[in-house]
Amino acid sequence: SSSNSIDSTDDEYRKLAFKWILSYNKKVTKDTQYLAIAYLIKLGLKGIYITEDNYEQIAITTLLMASKMNEIYPPKISSMIARCKRCISKDEIIEMECKIVTAFNY
């Protein structure tokens with residue numbers, strides 16, 4: 001069915017987002033990485049789908065949000081963007097953060 005293909009695609013890109021978060025260890029602790037992954041898991045329950053086009057953007061945004069909670073000096077958005085395959089702007093990260101914060105009712 002079509003919903004299974006959407007779910008399996010989402011799972012595939014969710015795993016890539018997990019890997020991206022876990023591979024980024026510049027200025028973040030394991031606790032921060034795990035918090036970002038918890039946010040990513042929660043996103044699935046809030047109806048925000050992870051795709052080929054947005055998995056890096058979502059990974060950066062959730063890691064940035066977790067960093068703001070856990071780190072004294074969170075990493076710079078520009079250093080995170082530099083690790084991406086796709087071209088992502090700071091504005092896109094900020095826009096995604098607004099979407100996630102709204103989805104979480106923060």
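Good morning. Both Y39 and F104 are buried, that is, under 20% relative accessible area with a 1.4 Å probe and protein chains only. The model is predicted, so local features require pLDDT of at least 70 and side-chain atom pairs 80 or more, whereas totals for chains, interfaces and linings use all residues. Residues are numbered from 1 along each chain as its sequence is written, and side-chain values use heavy atoms, without hydrogens or water.

I begin with the rings. The structure contains three aromatic pairs, meaning Phe, Tyr or Trp (six-membered) ring centres within 6.5 Å. One of them joins Y39 and F104, whose centres lie 5.9 Å apart with 50 degrees between the planes; this pair is tilted, neither stacked (under 30 degrees) nor edge-to-face (over 60). Y39 belongs to helix α2 (residues 30-45) and F104 to the segment after α5 (90-103), so the pair ties together parts 65 residues apart in sequence. Helices here are DSSP runs of H or I with at least four residues.

F104 has a further neighbour: K42 lies over the face of its ring, 4.6 Å from the ring centre. The criterion is NZ of Lys or CZ of Arg within 6 Å of the centre and within 35 degrees of the ring normal.

I turn now to N54, in the loop between α2 and α3 (55-70). N54 is buried, its relative accessible area being 14%. A polar atom of the N54 side chain lies 2.6 Å from the backbone nitrogen of T51.

Lastly, how many of the 16 residues of α3 are buried? The number is 13, and the helix is mostly covered. Thank you.

Terms used: Helices (H or I, at least four residues) and strands (E, at least two) are DSSP runs, numbered from the N terminus. Buried means under 20% relative accessible area, exposed over 50%, partly exposed in between (1.4 Å probe, protein chains only). A polar contact is a pair of N or O atoms within 3.5 Å; within protein, one must be able to donate a hydrogen and the other to accept it, and residues adjacent in sequence count only if both atoms are side-chain atoms.
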